[in-house]
Amino acid sequence: DKNRHSYSDQHYLKPDQEMKDLFSDLPQALENNFNLSFRCNFRPLTSKPILPNISSVKEGDADTKLRKDSINGLNKKLKDFNVNENGESNINAHLSQEYEKRLEHELKIITEMKYSSYFLIVADYINWAKKNDIPVGPGRGSGAGSLVAWCLNITDVDPLKFNLIFERFLNPSRISLPDFDIDFCEEKRDL
């Protein structure tokens, strides 16, 4: 034990000398080993996510499809908004303009940031789940502040009614891909 302790003390006190002795026939090996860390240079580069191209000859590119689906969704929501006993919508022109203005604002940001495909992909699997009797939550978190998400049935929360802010979910200053907080039924989630 005593000898072992003194050997390890010697061993750790003079590692350079021991290595020099081992590589005495190749002195450049030690030099290269020392300089290796100075020659390494790694700088990770950030990149935007690569989303699938959701387009077809019939429906156009992702931006066109998102715009069309969002406007159709908004028109359906506004038609169903406060329907009276005669089946007519009680929504006034001013309120309708507020929804249209907000929709244009969001679509502009989404398309400029190249996230149209993301919204369409999320809408596709949520609407599939709803059509196949898989319970889906109404939406929560900052994604519930998106009128586009509401128009596409990604969320069931009207952001104008509850005065929710879209920019908490997505704005041009945001670096990372936004995410929708979606809750699927535990029993059918695997489908």
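The expected span of a helix is 1.5 Å times one less than its number of residues.

**Figure 1. Overall architecture of the predicted model.** The structure shown is a predicted model. The protein contains 7 helices and 0 strands, and from the N terminus on its elements run α-α-α-α-α-α-α. Of the 191 residues in the protein, 29% are buried. Among contacts between residues at least 6 apart in sequence, 67% join residues at least 24 apart.

**Figure 2. Close-up of helix α3 and its kink.** Helix α3 covers residues 27-39, 13 residues in total. From its first C-alpha to its last, helix α3 reaches 19 Å, close to the 18 Å expected at 1.5 Å a residue. The helix also has a kink of about 30 degrees, centred on Asn33.

Figure 3. Helix α4 comprises 19 residues, which should span 27 Å at 1.5 Å a residue. The end C-alpha atoms of α4 are 27 Å apart, in agreement with that expectation. The buried residues in α4 are Ala62, Lys65, Leu66, Ser70, Gly73, Leu74, Lys77 and Leu78. The cover over these buried residues includes α5 (93-112), α6 and α7.

Figure 4. Ser96 is found in helix α5. Because its relative accessible area is 16%, Ser96 counts as buried, the cut-off being under 20%. The C-alpha atom of Ser96 is separated by 7.4 Å from that of Leu78, a residue 18 positions away along the chain. Leu78 is itself one of the buried residues of α4.

**Figure 5. Close-up of the largest pocket.** About 310 Å³ of space lies in the largest pocket. Its lining consists of 15 residues, of which Asp69, Asn127, Cys151, Leu152 and Asn153 are the closest to the pocket centre. Helices α4 (62-80) and α6 (116-131) each supply at least two residues of the lining. By class, the lining of the largest pocket divides into 5 nonpolar, 4 polar and 6 charged residues.

**Figure 6. Close-up of the second largest pocket.** The second largest pocket holds about 160 Å³ of space. Its lining is formed by Leu51, Pro52, Asn53, Asp61, Ala62, Asp63, Thr111, Lys114, Tyr115, Ser116 and Ser117. The elements that give two or more residues to this lining are α4 and α6. The lining of the second largest pocket has 4 nonpolar, 4 polar and 3 charged residues. Ala62, which belongs to this lining, is also among the buried residues of α4.

Figure 7. Leu147 lies in helix α7, which covers residues 147-151. With a relative accessible area of 0%, Leu147 is buried. Leaving aside neighbours within four places in sequence, Leu147 is in contact with Tyr99, Arg102, Leu103, Glu106, Pro159 and Leu160. Leu147 and Glu104 are 43 residues apart in sequence, and the distance between their C-alpha atoms is 9.8 Å.

Figure 8. Most residues other than glycine have a negative phi. The phi of Asp133, by contrast, is positive, near 55 degrees. Asp133 is found in the loop between α6 and α7, and Asp133 is exposed, with a relative accessible area of 59%. Asn153 likewise has a positive phi, near 65 degrees. Asn153 is placed in the segment after α7 and is partly exposed, with a relative accessible area of 31%. Asn153 is also one of the lining residues closest to the centre of the largest pocket.

Figure 9. Asp181 lies in the segment after α7. At 25% relative accessibility, Asp181 counts as partly exposed. Not counting residues up to four places away in sequence, Asp181 touches Gly139, Arg140 and Gly141. Thr155 is 26 residues from Asp181 along the chain, and the C-alpha atoms of the two residues are separated by 9.5 Å.

Terms used
Residues numbered from 1 in each chain as written. Predicted model: local features only at pLDDT ≥ 70, side-chain atom pairs only at ≥ 80, totals over all residues. Heavy atoms only, no water. Helix = DSSP H or I, 4+ residues; strand = E, 2+ residues; numbered from the N terminus. Bend = angle between axes of the 7 residues up to and from the residue. 1 Å grid on protein atoms, 1.4 Å probe; cavity = no way out; pocket = protein on both sides within 12 Å on 5 of 7 lines; lining within 4 Å. Points joined across faces, edges and corners; volume = space filled by probe spheres on them. Nonpolar A, V, L, I, M, F, W, Y, C, P; charged D, E, K, R; others polar. Buried < 20%, exposed > 50% of the residue type's maximum accessible area, 1.4 Å probe, protein only. Contact = heavy atoms within 4.5 Å.
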